[in-house]
Amino acid sequence: MKSVLVTDDAAFMRLQLKDILGNIGLEVIGEAANGQEAVEKYKELQPDLVTMDITMPEMNGVEALQAIKQFDDGANVIMCSAMGQQAMVVEAIKAGAKDFIVKPFTAERVEQALQKFL
């Protein structure tokens, strides 16, 4: 079973994602509320996949992605963004994000983005 680290500053978004991920057979092994925490948890847990919110306090998703990629070049990170964050999404893809999901999430879109990892 593939393991996932869910990163979002909103607890309800983490909960929603955990439900969707669980339903498609992934195991959520950790949660992070900001980019800094995501980098620390990634190093500690080394999950197969990370879902990363773009806009967060302390360290944003793109910065966290870059830090994780420095630690592990093979990291699989999928960005989660609100509408209108195209510039950040482009930056994230350039930094090595595998895909992105736009909020509000639909289970179908999440599953589609994760299909290549399953």
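## Close-up views of a predicted model

**View 1. Ile 68 and its neighbours.** Leaving aside residues up to four places away in sequence, Ile 68 touches Ala 38, Val 39, Tyr 42, Met 52, Ala 75 and Val 77; contact means heavy atoms within 4.5 Å. This is a predicted model, where local features need pLDDT of at least 70 and side-chain atom pairs count only at pLDDT 80 or more, while totals for chains, interfaces and linings use all residues. Residues are numbered from 1 along each chain as its sequence is written, and side-chain values use heavy atoms, with hydrogens and water left out.

**View 2. The nonpolar cores.** A nonpolar core is a set of buried Ala, Val, Leu, Ile, Met, Phe, Trp, Tyr and Cys residues joined through side-chain atoms within 4.5 Å. Buried means under 20% relative accessible area, exposed over 50%, and partly exposed in between (1.4 Å probe, protein chains only). The largest core has 21 residues, of which Met 52, Ile 68, Val 77 and Met 79 touch the most other members. Helix α3 provides the largest share of this core, 5 residues. Apart from it lies another core of 18 residues, including Ala 10, Met 13, Val 110 and Leu 114.

**View 3. Helix α3.** Helices (H or I, at least four residues) and strands (E, at least two) are DSSP runs, numbered from the N terminus. Which residues of helix α3 (residues 61-71) are buried? They are Gly 61, Val 62, Ala 64, Leu 65, Ala 67, Ile 68 and Lys 69. These buried residues pack against α2 (35-45), β3 (49-53), β4 (77-81) and α4 (86-94).

**View 4. The sheet.** Here 5 strands form an open sheet with parallel pairing, in the order β2-β1-β3-β4-β5. Two strands pair if DSSP finds at least two bridges between them. At the edges are β2 (27-32) and β5 (99-102), each pairing on one side only. Strand β1 (residues 3-7) runs parallel to β3 and is joined to it by 4 bridges. Look for Leu 5, whose bridge partner in β3 is Val 50.

**View 5. Arg 14 in helix α1.** Now find Arg 14, in helix α1 (residues 11-23). Is Arg 14 buried or exposed? Arg 14 counts as buried because its relative accessibility is 13%. Not counting residues up to four places away in sequence, Arg 14 touches Val 6, Asp 8, Asp 9, Glu 31, Ala 32 and Ala 33.
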